[in-house]
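Here is a short briefing for a first look. Keep the sequence and the model side by side while reading.

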Amino acid sequence: MSSFPPFLSRNVIYPLQEALLSRPTFRYLKQLEQTQWLTRDDTEALQVTKLRTLLSSALRHCPWHAERIKAADIIPERCTLEDFRRLPTMSKQDAQLHGAEMRWRDVPGGSKQYSTGGSSGQPLIFHFGRWRQASDAAGRIRARRWWGVNVGDPEVYLWGAPVELNKTDKIKTVRDRLLNQLVLNAFAMSPENMDRYLESIKKFNPKCIYGYASSIAILAKHAQTYSIETNFPELKVICTTGEPLYPDQRKLIQETFHAPVANEFGSRDIGFTAHETPHGQMLQMSESIILEVLDRHGNPVKAGEMGEAVMTGLCSEAQPFIRYRTGDMIKLSEQPDKDGRGLHVIEEVVGRTTDFLIHQNGSIVHALAAIYVLRETEGVEQFKIIQHDINQFEVLIVKNTLWHDIAFQHIEQKFKERFGNAANIDIRLIDRIEPEASGKIRQVVAKIQPNL
């Protein structure tokens, strides 16, 4: 399938869709294009202004938040960031149990029910309104422009979340066509389908490919293995999202598709949060989200130190997420944006709390320590590591023709070196690694939580 004329998608179809859905996407995009060049001080002043509006709205319309705002003795109209920190953080469990009391039922423009895929082990149903949708869409458009990709340019989505799959009807297919989007199902990555995907991408000639890091890496590996041509002349960037992007995945994808990789940071519940620039810096959507990085006691950590990302969605008035503990472990940077924007810079997204493994002595071990064991083992085509409990590991492996059974002993020995001699490692050879309910293929799943 060839692409649709970008001019029509950009100037007619996309704006018409957003207008019909009453989403202020292009109005907000115009603001974002200007506010990204504010100084850091002015950016943070803008955050405080929008925070006061959000707190005022929550006080009037959202009983659960209203009770907490009153208990913290906060007056929204005069709230400072220092005052704001008196509010206790909220957890995903709070959102699960009290979502109905957090919701503004008569929010202008209405709201839409949404759910997370549950890959974190904590599925969540919540509501978002027009401004949150506009914030996500406008933020992505702005970030794509950093890479020379404009709204309406041909874009391939390697995607597989159930909510999207439910909509793959004829109407949505026509809409995707008019918006110049080619959607390929990340739930169905069979060798035959991947052959078709690569041929479709070649004909579509996209400027951007977007999808889960693991899915795009699998497609790249397939192309390399079978020497399938992957020279897409218009391709400017490959944007990955939804899961950690490991260095070897970035290298594989870049080498295979001859284009840079830009990682995106965000989640369904809090929204589009940050995106990588051509300089390799991860810039926060500072106009839409307040990001705090806190230690285990709830105190802010210094730039360069790892802590949990606690976020406030400034466009989340339909169901506010205020001081929301995301479970993502990150580091902020002291460096400014190299192009002069006032947006905050994230030094590193280390991973989710579920991306860490636990040594028998209780210490935290980054998932890469286990991942490298499998990647250095000859004959491992695909793998998944599950830590069920302290000293209880399950390793699932899809082997290729280079596999030798001596690898069982090698893997067990290396795991014991990293996690202690008492570690029990159950290694199984299987035919296929099934994706999570979200469509992601996670290399590491920890069913116990580190004490971060």
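Is phenylalanine 128 buried or exposed? Phenylalanine 128 is buried, with a relative accessible area of 10%. Keep in mind that this is a predicted model.

**Aromatic pairs**
- The count of aromatic pairs comes to 15.
- One of them joins tyrosine 114 and phenylalanine 128. This pair is edge-to-face, with 5.0 Å centre to centre and 75° between the planes.
- Tyrosine 114 sits in strand β1 (residues 111–115) and phenylalanine 128 in strand β2 (residues 125–129), so their pair ties together parts that are 14 residues apart in sequence.
- Tyrosine 114 has 16% relative accessibility, and the cut-off for buried is under 20%. Tyrosine 114 therefore counts as buried.
- Phenylalanine 393 and phenylalanine 419 also form an aromatic pair. Their arrangement is tilted, at 4.7 Å centre to centre and 45° between the planes.
- That pair links distant parts of the chain, 26 residues apart. Phenylalanine 393 belongs to strand β17 (residues 392–399), and phenylalanine 419 to helix α14 (residues 406–419).
- Both phenylalanine 393 and phenylalanine 419 are buried.

**A ring cluster and charges over rings**
- Tyr114, Phe126, Phe128, Phe321 and Tyr324 are linked into a cluster by ring pairs.
- Arginine 132 lies over the face of phenylalanine 128, 5.3 Å from the ring centre.
- Arginine 323 lies over the face of phenylalanine 84, 5.9 Å from the ring centre.

**Strand β17 and its partners**
- Strand β17 is mostly covered, with six of its eight residues buried.
- Strand β16 (residues 380–389) pairs with β17 in the antiparallel sense. Eight bridges join these two strands.
- Lysine 384 has leucine 396 in β17 as its bridge partner.
- The hairpin of β16 and β17 has two residues between the strands. There, asparagine 391 takes a positive phi near 70°.
- Strand β18 (residues 424–429) pairs with β17 in the parallel sense, over six bridges.
- Glutamate 394 has aspartate 426 in β18 as its bridge partner.
- From β17 the chain crosses through α14 to β18. This β-α-β crossover is right-handed.

How values were computed
Residues numbered from 1 in each chain as written. Predicted model: local features only at pLDDT ≥ 70, side-chain atom pairs only at ≥ 80, totals over all residues. Heavy atoms only, no water. Phe/Tyr/Trp six-rings, centres within 6.5 Å; stacked < 30°, edge-to-face > 60°. Helix = DSSP H or I, 4+ residues; strand = E, 2+ residues; numbered from the N terminus. Buried < 20%, exposed > 50% of the residue type's maximum accessible area, 1.4 Å probe, protein only. Lys NZ or Arg CZ within 6 Å of the ring centre and 35° of its normal. Pairing = 2+ DSSP bridges. Right-handed = clockwise from strand over helix to strand, strands pointing away.
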